[in-house]
Amino acid sequence: MTAITDFTLHGKVRPQNASVTPRKVMALKGLIEEAMSGDRKAKGIIEEAISTSDAMFNWAHLVNLNLVPQFEAAPRQWTKLASVKLVSDFRDVLEYELDPQWDSNTLGDGDPLFTSPEVPEGTEYPEATFSGQAAQGSGIKKYGFGSGFTFEAFVNDSLGVIATLPEKMLQVALDTEEKLVFGALKDQAGATQQLQAGNNPDKTAVPKNAPFTRDALIQALIQVKQRKHNKRFITFNGGFKLVVAPGAAINANWQLYGLTLDSVNDSAGRKYSAADAQLVAGVTEVIESPFVSGNAWYLVPNPGSLGAGRDVLKLHKLIGHETPELRVENVTGNYVGGGTVSPFEGSFSTDTSRFRIRQFGSGFNWFPNAVIWSTGAGS
């Protein structure tokens with residue numbers, strides 16, 4: 001458990017109510033550490049305090065203080081494909097583009113369209129529109145879930161609850177981010193971005209939606225580099241990540257790197273040399289994802305390879321709510337004669353304590369044409 005050097009982690013963690021104070025959180029932290037080290041007296045004090053005071057809210061705040069740094073430091077697969085974009089509200093995010101229509105070509109042909117047209121002496125400069133278009137479905141969404149356990153369960157295993165609940169919630173929050181990014185990759189790359197049939201430079205025929213092979217990859221690289229965005233060819237200044245289903249990386253890596261010696265033949269009896277490896281050197285890493293199934297595979301440009309701020313995949317986060325937060329439900333009622341009942345005593349009707357974790361985000365594919373993928377069905 002980390003030391004408390006900032007009670008709010010620079011504003012990332014907010015106390016749930018006025019009963020949460022630095023002194024109480026520090027005292028509870030010390031008791032938990034002693035109890036985890038085998039001090040039965042400390043364990044008893046924790047159970048008594050949480051059952052008869054506001055210690056529950058201070059525990060939730062302590063969990064958040066530890067959850068946020070762990071969440072930020074945890075390894076993620078999606079960061080290999082996407083960058084983060086902070087947004088201020090729930091509206092769809094704007095994509096700004098320069099529309100080079102040049103007044104419907106009446107003042108200059110601008111050929112090709114994204115170059116400046118010639119301006120003859122004494123004539124007006126043609127206009128290009130600069131505007132922001134809302135990317136449908138790119139807005140921030142809210143995610144979370146509630147969880148509860150009974151008063152009896154806490155009394156029987158208080159340290160197990162204290163140790164396990166934050167860890168499990170952290171894993172769900174991390175998995176949610178993975179889903180947002182890989183889901184955007186899978187759902188927002190459609191049929192027009194699929195691998196089409198084509199012939200490689202050595203005349204090898206590659207069928208539409210071919211399973212992953214060296215030949216299929218070469219054809220995919222050829223096709224994706226002929227794609228356009230806003231009427232101009234997409235410029236790739238870096239490599240690609242190859243995303244496949246769990247277990248498929250073995251074949252993918254063999255196809256990429258296992259056929260580089262003259263003594264090794266492929267399934268058609270052809271020999272490959274180290275020079276042939278340069279044809280597929282654009283793939284920098286193979287990533288397995290549970291959000292990809294079967295023989296499907298995706299070729300995604302590395303973050304930063306399209307130029308500053310033009311990453312294909314982005315995880316949108318709400319400013320001020322970039323990390324998940326744990327909260328306690330306070331519906332326990334009151335004691336006769338006054339006094340608040342601790343949440344660990346359970347709810348008024350069922351003696352169940354409830355927690356809620358909440359996070360905000362959305363994944364979005366800003367440049368679908370920069371992605372090429374295949375179902376792997378070979379047709």
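Here is a short chat about a predicted model of one protein chain.

Trainee: Which element of the chain has the lowest mean pLDDT?
Mentor: Overall, the mean pLDDT is 82, with 81% of residues reaching 70 or more. Going by elements, strand E15 (residues 372-374) comes out highest at 97. At the other end, with a mean of 50, sits helix H9 (residues 274-277).

Trainee: How do H1 and H3 lie to each other, roughly parallel or roughly perpendicular?
Mentor: Helix H1 (residues 22-36) packs on helix H3 (residues 55-73) with the axes 9 Å apart and an angle of about 80°. Angles of 65 to 115 degrees fall in one class, so H1 and H3 are roughly perpendicular.

Trainee: Is Glu177, which forms a salt bridge with Lys317, buried or exposed?
Mentor: The closest N and O atoms of Glu177 and Lys317 are 3.1 Å apart. Glu177 is in helix H6 and Lys317 in strand E12, so the bridge ties together parts 140 residues apart in sequence. Lys317 is buried at 11% relative accessible area. The cut-off for buried is under 20%, and Glu177 has 3% relative accessibility, so Glu177 is buried.

Trainee: What is the relative accessibility of Arg358, the salt-bridge partner of Glu325?
Mentor: The closest N and O atoms of Glu325 and Arg358 are 2.4 Å apart. Glu325 is in strand E13 and Arg358 in strand E14, 33 residues apart. Glu325 counts as buried at 19%, whereas Arg358 counts as partly exposed, at 21%.

Conventions. Residues numbered from 1 in each chain as written. Predicted model: local features only at pLDDT ≥ 70, side-chain atom pairs only at ≥ 80, totals over all residues. Heavy atoms only, no water. pLDDT = per-residue confidence, 0-100. Helix = DSSP H or I, 4+ residues; strand = E, 2+ residues; numbered from the N terminus. Axes fitted to C-alpha atoms, helices over the stretch in contact; angles between N-to-C directions. Parallel < 35°, antiparallel > 145°, perpendicular 65-115°, else oblique. Salt bridge = Lys/Arg side-chain N within 4 Å of Asp/Glu carboxyl O. Buried < 20%, exposed > 50% of the residue type's maximum accessible area, 1.4 Å probe, protein only.
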